[in-house]
Amino acid sequence: MSRISSKTIFLGIVGLASFAYAKSGWGEACSQANSHLDSDTWALDSDCDATTYCADNSTCAYRGCRKDIYPFGYNGVAFDQLPALCPLGQFCPDEGDRCLDQVPVGGSCQKDRDDECAPPPDWNDLNGYLNVNGTVCLNFVCQYANVTLGLQCILENTPYTGYLDSGAQYAFVISRDNCANGLYCDGTAMQCMKDKAFGAACTGNKECLSYNCGSDHKCGRAADEPIHPGTYAYVLVGLGITILILSVMISLWFVHRRSRKENQIKLEQYYNEQIAYRQSIMSMSHAKNSLLSLPPNTSADQARRSIFADPDDGFASAHDLSVPNIRRDSSAAWSDAAASDSEILLNGERNGESSAGPRYRG
Ligand SMILES: *[C@@H]1O[C@H](CO)[C@@H](O)[C@H](O)[C@H]1NC(C)=O
Ligand SMILES: *[C@@H]1O[C@H](CO)[C@@H](O)[C@H](O)[C@H]1NC(C)=O
Ligand SMILES: *[C@@H]1O[C@H](CO)[C@@H](O)[C@H](O)[C@H]1NC(C)=O
């Protein structure tokens, strides 16, 4: 029961989808009479989908060529599996059935397909951004874009529908003509006139050299014109960079000064410690020498007391002795090195061999 209902729903969805997407796929029926230009976009619209065209036998057949490097409707198709591009001198029509030879001037062409027209011999001079290699398709007829100033020209106005973000529609007109580069076809005189410079009054984009007639009906800047900032912008940016670099340097200097001071204090503490350590070792060594020069038969107990415990025993040196100020937690390496160094020094001093020091220090 549930299987049947789900199947029905699935079929219903497929039916709805195929109804909404009314285009036929490969092998399905179509009618060439239904092919027409879309009134909003002026693109060719047929019964067949984006990868097929309506063939003479009224079925949709796979396309035999493409006009764009990356054609519409071929999602998921490998690049080398796309229909071929047409060679030089040929074109792929909007249907995309097969490549055809380019049409000479006066021949028929499809909407906005300037590339279907064979270029003139001097195509290099006539080539411009409003034509293709010097040819232009106007009112479905191939023309050269070679009409000069003051001569009669042909005009084609095409209304398009634009959509705003809000969904509202607006119409705009694209006007094309066969005037040479730098000229436009005036709609009332039907003669080629010189394009207008920046700031001149205009009624359409084609009248302006920049191809941009602003909403104030004056020729504006071209859409791709680079912005040239004033001198003040360079000065401000330069100042900004200089101030940034200076502030970084000054703050670094302050930071370094602080750590320099901290290091200085650490070093002073370390040297003070070392000096104190050395002095206490030397005091101990003096004390030992003094002990050795005590009169014979002095008991060890008495001698020890004379240094550390009994200042009244008459040994002046006992007052000068300071308790060794050695930090027990200082690094072992330093303590060892300092201790062995001092030992060597002391051995040398005691034995009177000054050469012993340098030999060990290497
Ligand atoms: C219709 O014509 C196309 C293109 O010539 C061909 O590929 C296709 O097989 C034909 N279909 C039928 C049913 O004859
Ligand atoms: C214009 O002509 C040149 C030389 O024949 C060719 O290489 C180029 O592809 C043509 N441009 C177009 C858009 O057809
Ligand atoms: C433009 O080209 C056509 C076709 O070659 C030619 O007849 C016509 O004289 C040319 N016009 C100008 C102004 O050169």
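**Note on cores and ligand shells**

1. Cys137 touches Cys109, Asp112, Arg113, Asp114, Glu116, Cys117 and Cys142, leaving aside residues up to four places away in sequence; contact here requires C-beta atoms, placed from the backbone, within 7 Å. The model is predicted: local features need pLDDT of at least 70, side-chain atom pairs count only at pLDDT 80 or more, and totals for chains, interfaces and linings use all residues. Residues are numbered from 1 along each chain as its sequence is written, while chains are lettered from A and ligands numbered from 1 in the order in which they are written.

2. The largest nonpolar core has 15 residues, and Cys137, Ala145, Cys179, Cys185 and Cys192 touch the most other members. Such a core is a set of buried Ala, Val, Leu, Ile, Met, Phe, Trp, Tyr and Cys residues joined through C-beta atoms within 7 Å, buried meaning 20 or more other C-beta atoms within 10 Å of the residue's own. Two or more residues each come from β7 (135-138), β8 (141-144) and β11 (183-185), strands being DSSP runs of E of at least two residues, numbered from the N terminus.

3. Another core, of five residues, lies apart from this one and includes Cys30, Cys48, Cys54 and Cys60.

4. Around ligand 1 are Ala55, Asn57, Thr59 and Ala61, the criterion being a C-beta atom, placed from the backbone, within 6 Å of the molecule.

5. Ligand 2 is surrounded by Leu88, Asp115, Pro119, Val132 and Asn133.

6. Around ligand 3 are Val105, Tyr144, Asn146, Val147, Thr148 and Leu151.

Terms used:
A residue is buried if 20 or more other C-beta atoms lie within 10 Å of its own, exposed if 12 or fewer, and partly exposed in between; C-beta atoms are placed from the backbone. Helices (H or I, at least four residues) and strands (E, at least two) are DSSP runs, numbered from the N terminus. Two residues are in contact if their C-beta atoms, placed from the backbone, lie within 7 Å.
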